[in-house]
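This report describes how the chains of a model are arranged and how they meet. The sequence and structure come first.

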Amino acid sequence: MRSRTVYRTFQTERRREFVRITDDVQQAVRDAGISEGMVLVSAMHITAGVWVNDDEPGIQADALEWLDKLAPPSWREPDGDVARALLPDGGDYRHHRGGEDNGDAHLKNLLVHHQVIVPVTDGLLDLGPWQQVFYCEFDGGRSKRLVIKVLGE
Amino acid sequence: MRSRTVYRTFQTERRREFVRITDDVQQAVRDAGISEGMVLVSAMHITAGVWVNDDEPGIQADALEWLDKLAPPSWREPDGDVARALLPDGGDYRHHRGGEDNGDAHLKNLLVHHQVIVPVTDGLLDLGPWQQVFYCEFDGGRSKRLVIKVLGE
Amino acid sequence: MRSRTVYRTFQTERRREFVRITDDVQQAVRDAGISEGMVLVSAMHITAGVWVNDDEPGIQADALEWLDKLAPPSWREPDGDVARALLPDGGDYRHHRGGEDNGDAHLKNLLVHHQVIVPVTDGLLDLGPWQQVFYCEFDGGRSKRLVIKVLGE
């Protein structure tokens with residue numbers, strides 16, 4: 001069994017950002033020298049997600065608007081009455097008592113999940129034609145890490 | 001370490017459908033000849049999900065109604081005011097500018113996730129008494145693939 | 001390749017409860033005697049979740065309030081009009097026809113997911129500074145199992 005561990009650090013300029021990392025994941029697999037196995041891609045923070053989806057700007061804008069309605073930020077006006085109702089009943093997240101303002105990012109992380117596993121076949125990521133791996137930053141502007149763990153033979 | 005890769009293709013008649021695939025996953029494990037390991041079950045499309053849940057028609061109908069409220073289709077009337085509010089503010093998904101009408105299926109995929117990992121113990125899927133593996137089609141009527149990847153010894 | 005399988009049984013006093021299990025997962029890795037690999041932590045029931053998040057009571061209370069709005073219980077009054085609208089149109093879950101009252105817990109399980117994979121590096125769980133593994137009970141007071149599966153070398 002071979003393994004390889006690669007860390008990537010992100011410091012996005014914008015608070016929320018989608019960063020395509022498919023090539024980083026493929027490179028880690030190449031460097032591990034495996035032909036069959038799996039690779040885990042996992043955010044090391046709880047205010048970011050990792051997903052596999054289409055690299056289509058419309059989908060990303062749709063998804064962010066949707067996530068802001070379902071898990072509304074309290075650092076700006078909620079986007080309509082449904083978003084307002086989905087904020088905590090007191091109007092702000094309990095998590096913010098400690099001085100944070102990223103309660104919504106924690107909920108977005110739970111909703112989209114913080115990790116994916118990509119199968120490796122013949123040395124390549126075994127993805128469908130439109131599947132790309134993305135790091136989804138929901139609370140950027142600070143240094144955040146992600147781990148890529150390859151296992152196989 | 002042994003590995004085995006199996007692809008399954010679905011072409012569901014209905015636009016949305018739940019297909020139980022536990023036996024396909026168990027068969028792949030049997031054919032891999034492993035007794036200890038893991039098996040990844042992962043949709044290769046971004047408008048379908050894979051989940052582990054009860055094979056109970058009531059749960060599936062509940063879940064689909066719920067997903068249609070939280071991630072509403074725009075190819076039919078939204079199911080009430082909350083669903084309408086959760087559509088994009090312009091009334092339709094940006095993703096549809098390219099001619100697609102499956103924006104809701106992308107969001108459902110993010111919400112329920114596109115993959116599960118099942119542990120393998122003594123050659124069997126190590127599932128709880130009510131756990132069944134399902135392929136969840138949210139945009140059917142076209143050919144879609146899924147990968148089953150077994151790793152173990 | 002080495003593997004180890006550990007089961008944990010929970011019988012929470014309260015209907016909903018968050019139980020930190022990071023130490024159990026680390027202990028299983030130690031007992032497996034691996035330095036490189038992955039560990040799968042997976043609920044064996046479909047009314048519970050497993051997540052990686054901060055061990056901060058505010059986040060847990062925020063998350064539970066939010067989940068009760070998005071996937072509302074029918075065994076108590078819904079928390080506002082949005083929660084009421086997200087119940088099934090008939091007012092109660094179809095799943096309850098069989099005598100159950102945990103339809104909301106099935107939906108919460110789909111939303112937060114029932115499993116995580118933790119990478120293992122140098123014999124330790126390779127988690128970020130605030131990442132803790134939690135078993136999230138959404139329908140407690142009965143005996144529920146979880147499987148921890150370690151694979152590596």
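## Terms and basis

A polar contact is a pair of N or O atoms within 3.5 Å; within protein, one must be able to donate a hydrogen and the other to accept it, and residues adjacent in sequence count only if both atoms are side-chain atoms. By this rule, 19 residue pairs are in polar contact between chain A and chain B, both residues being at pLDDT 80 or more.

The model is predicted: local features need pLDDT of at least 70, side-chain atom pairs count only at pLDDT 80 or more, and totals for chains, interfaces and linings use all residues. Side-chain values use heavy atoms, with hydrogens and water left out, residues are numbered from 1 along each chain as its sequence is written, and chains are lettered from A and ligands numbered from 1 in the order in which they are written.

## Confidence

Chain A has a mean pLDDT (the predictor's confidence in each residue, from 0 to 100) of 97, and 100% of its residues reach 70 or more. The scores of the model are ipTM 0.97 and pTM 0.98.

## Interface of chain A and chain B

Contact (heavy atoms within 4.5 Å) joins 39 residues of chain A to 33 residues of chain B. The buried area, which is the accessible area (1.4 Å probe) that two parts lose on being put together, summed over both, is about 3,100 Å², with 63% from carbon and sulfur atoms. On the chain A side, Met38(A), Asp62(A) and Trp66(A) lose the most area, together 21% of what that side buries.

Four salt bridges (a side-chain nitrogen of Lys or Arg within 4 Å of a carboxyl oxygen of Asp or Glu) are counted between the two chains. One salt bridge joins Glu65(A) and Arg94(B), at 2.8 Å from N to O.

## Interface of chain B and chain C

Here 39 residues of chain B are in contact with 33 residues of chain C. About 3,100 Å² is buried between chain B and chain C, 63% of it on carbon and sulfur atoms. Met38(B), Asp62(B) and Trp66(B) supply 21% of the area that chain B buries against chain C, more than any other three residues.

The rule finds four salt bridges across this interface; Glu65(B) and Arg94(C) meet in a salt bridge at 2.8 Å, N to O.
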